[in-house]
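Hello,

Here is the structure I promised to hand over. Please open it first, then read the notes below it.

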Amino acid sequence: MRRFAIVAALAAIVFTLASCTSSEQTVETDQAKPEPVQSAPAEQPQAQAPAEPAPAPEPAPAPESEPVKTTRYDAQLDEILPGLASEDVPTRQAARQGFENLCLNAARPGAEEERAELCQAIITRLRSETPKPLRVWMLRLVERIGRAECVPTLVGIMGENDVEVRDLARRSLQHNPSPEAAEALRNAYDLHDDLSWKVAIVNAVAARVEADGIHFLAERVEDENPAICRAGLAGLGGLTEPAATDTLTMRRKSLDPELRAVATDALLRTAEAHIARGWPRRATVIYRELYQNPANNQERDAGLMGLARSMGIDAYPILLPLIENGDPDLARVAAAGTQFAKGEAATLQLMQACDRAHGNARVILLDTLTERGDKRAYSAVRDALSDDDVEVRLAALRAMRVLGHGGAAVLIAQRAAAGNAAERNAARGTLRWLPGEDTNERIVAAFNEHESIDVRCELARALAARKYAAATPALLEATGADNAKLRQAAFEALSKLATLDDLPALVKRLIAETDADAREAAEEAVVNVALCETDQEARAEAVLSDFADTDGEVRASLVRVLGKLGGPQALAVIRASCAYEDERVVDAAVRALADWPNTEVLDDLMTIAKESENAAHRVLAIRGYTGIVNMRSDRPASESFEMLAAILPLAERVEDKRAILGALGRVPHESALWAVEAHLREPELQDEAGMAMLSIARALAAEQPDITHEALKRVGLAAKLSQPVVDEAVALAELLEEFQGYCGTWSYVGPYSAEDKKAEDIFAMSFPPENPGKAKLVWKTLHSTNPQNPWIFDLTPISHEPNCCVYVRTYIWSPGPKELNLELGSDDGIKAWLNDKLVAEHMAHRALTLASDVVPVGLARGWNCLLLKVVQVDGGWAFSAGFRTHDGKPPKGLRFAPAPEFVE
């Protein structure tokens, strides 16, 4: 009864208002109102509720003498609206588009009469018996263009039981700019008892952001239901009328923490609105309340930041004492708040506070001045560099990167020279990034003139870090100074700044250098500059120009330089120096050979290892020889084995033997396997020998699985192996079991490509390996380059070009006919022929995954030929192939070979 009574009352009120108001009334009250336009009476959704529960009576029909006025839109709507409920999607979409276009056109500026007339035509069709899809679409369009003429009908619809339809009516009123809509929304609060409706109404009233809604929202704030109270609080936020602020302020004091946070957020939004409107004093009142009466630190901090924002520099009497004397957390908030005040006066107050502050407060103020970026604060930062507190000095150094200039370079260099590691690193970083147009020139001047050697050294380092090449003459001159430390610093800077034009002068300075540390820096400078020359002979000549006139440590120094420069001329001099009479020169030459980057010196190192009387030189030669052999190369594995086998007997120290065994472990050759086994029972070497054997066995597992099984057996018989060796043996045994039946022996031919053909074309084309007998093919052995899984074959060493293919072939011996699955993995496309019959093809652009293609095949007794075509799109290029039984187990008795004659 109560709901029907409310509906009828609301309908009566808004209908009366609508009948007395022009259909063209706008939101702005100061505009001239046009003549009223008579509209068709809206159909009443509910009649006046009777005293007793009974269905509401139907409204009386319009008298025949006063028919409902037709509009210019009736015919169009009658044509469009049925399509909105059509089951045919194109028809429904066309109707929606037509309806929207009709509304957009009527709502265009200057067409108020058309808009009102269309709205009137729509609302007369919003009867309850109208199909719901049509009502939904009409309500959505009324939401966009409706004004006061729609309010009575929307009020009636809000009283219906259909939740979706009545909520659309509520939304339409929420976006309707007329005062009648606002009043209707407020009056609709009690239309329904469910909580979601009441909260939706409160939110709708709040969304209108109107002063007339404050009293309504204030009543909701007092509601006992938390959801309604929350909606009321949130709705009042952002309203700048004093009544809204007063309600929030008073109610906030008695709320529980959760709702109090909502009220606080609402007050903050209100303060933001005041500031946006240019009313900072009103915002200050709100912020002061939050700061002085906080429930927690978050409210306190928000209030303090707000005061800083609304008051500007006038908040400094509050902020600065908090920074100087407050707790650290509050001090950081206050410091952040100072940034709202701009200009010289604010900077001056911060500088004065910085001068009188101590410890953490001064650090905070220095960071604050840095963030402001006002270079007028330079003097405060400069003075802080001499503070007794290292943290303050570190903050000042950070500030100098923003506020400093070249005049501070010496002060900063002094901190780098005198401070601890942290301060030294900070100062050096600041010198590198110190701003100022003339900073580089001022650093050079200070480097030339300052009396402190330590400061000059730091300035030299700074010039190198700043990459200031114009400082090279001053630095070259300093390499002739009396102080060795300064000469060393100058050489270190020249190592980064000097050019090839400076190389002759650098070599002369190196020759003249007498201090060991400075000479080492000079050698590095000469090497770094000389390496800028791409011609090996030219860079060697620059060093050798005065070589003949040198002796002793100077000649040894030049030999060390030549060893790092490389080239035939340098190598000839180094070889000759191995027989020089001065032991220092010989030592430099041997070390240069041991560090040589290629195989040119292997014979020299072998000779030294065999014949030198100097034990240290023999060790250097053995290490150098082992390292060079261990480098990646194209030499056959058998050759690498012979080279390492020759050096192993010459090794006297256990650590050298271990290094050679480790190198042998990277040689995939059966001879290396058994050579390593000889050391398996030597207590000092058995772990290295065991690991080397397993590494070789893994590399041979695909091509020679029998040898791998035998190696595992022999390693297993060794006693007292460490757990890592045992774990590696177990892992290798499991790998062998997992890949039993996979092909590990292949030969290949190719690559093949065709001009202007993509990978898909290459996949479809036929090349000579698919037509045996028509062309003579040269098949080459394909070795796996994957030491962790030798059954995966990488083809990129064959070619790095895209859009090509390679053919690979293997032979499988079967003891009898077998029906198996062929498992293929490829990056990218693949075709497979078994005994000349195409059994699989898959063109894809993919990474390799084992068994990505599985096809059933039959193996004949004896030898079977498997031919694969592997197509490359781009990027990686690899394949794998193996056999499994139909239930996924490894088959027994298969053997693999690159050609039938290799295995009997």
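**What I found**

T439 is buried, because its relative accessible area is 0% and buried means under 20%. Keep in mind that this is a predicted model. T439 sits in helix α24, which covers residues 439-449. Which residues does T439 touch, leaving aside its neighbours within four places in sequence? They are H405, G406, L434 and R466.

**A buried lysine**

Next, go to K831. This residue belongs to strand β6, residues 829-834. Is K831 buried or exposed? K831 has 10% relative accessibility, so it counts as buried. The cut-off for buried is under 20%.

K831 has a list of contacts, not counting residues up to four places away in sequence. F763 and A764 are among them. The side chain of K831 reaches the backbone oxygen of F763, at 3.0 Å.

K831 and R281 are 550 residues apart along the chain. Their C-alpha atoms are separated by 81 Å.

**A helix with two sides**

Helix α34 runs over residues 602-611. Which of its residues are buried? Find L602, L605, M606, I608 and A609. Why do they lie on the same side of α34? They cover an arc of only 160 degrees around the axis, and that puts them on the same side. Turn to the other side of α34, and you find D603, K610 and E611 exposed.

What covers the buried residues of α34? The cover includes α33 (583-594), α35 (615-629) and α36.

**The largest pocket**

Helix α36 (637-647) comes up again here, as it gives two or more residues to the lining of the largest pocket. The other elements that do this are α39 (686-700) and β2 (780-782). The largest share comes from α39, with 5 residues.

How many residues line the largest pocket? The lining has 41 residues. Look for R666, P668, H783, S784 and T785, which lie nearest the centre of the pocket. The volume of this pocket is about 1400 Å³.

What kinds of residue make up the lining? It divides into 18 nonpolar, 14 polar and 9 charged residues.

Best wishes

How values were computed
Residues numbered from 1 in each chain as written. Predicted model: local features only at pLDDT ≥ 70, side-chain atom pairs only at ≥ 80, totals over all residues. Heavy atoms only, no water. 1 Å grid on protein atoms, 1.4 Å probe; cavity = no way out; pocket = protein on both sides within 12 Å on 5 of 7 lines; lining within 4 Å. Points joined across faces, edges and corners; volume = space filled by probe spheres on them. Helix = DSSP H or I, 4+ residues; strand = E, 2+ residues; numbered from the N terminus. Nonpolar A, V, L, I, M, F, W, Y, C, P; charged D, E, K, R; others polar. Buried < 20%, exposed > 50% of the residue type's maximum accessible area, 1.4 Å probe, protein only. Arc of directions from axis to C-beta. Contact = heavy atoms within 4.5 Å. Polar contact = N/O pair within 3.5 Å; in protein donor to acceptor, adjacent residues only side chain to side chain.
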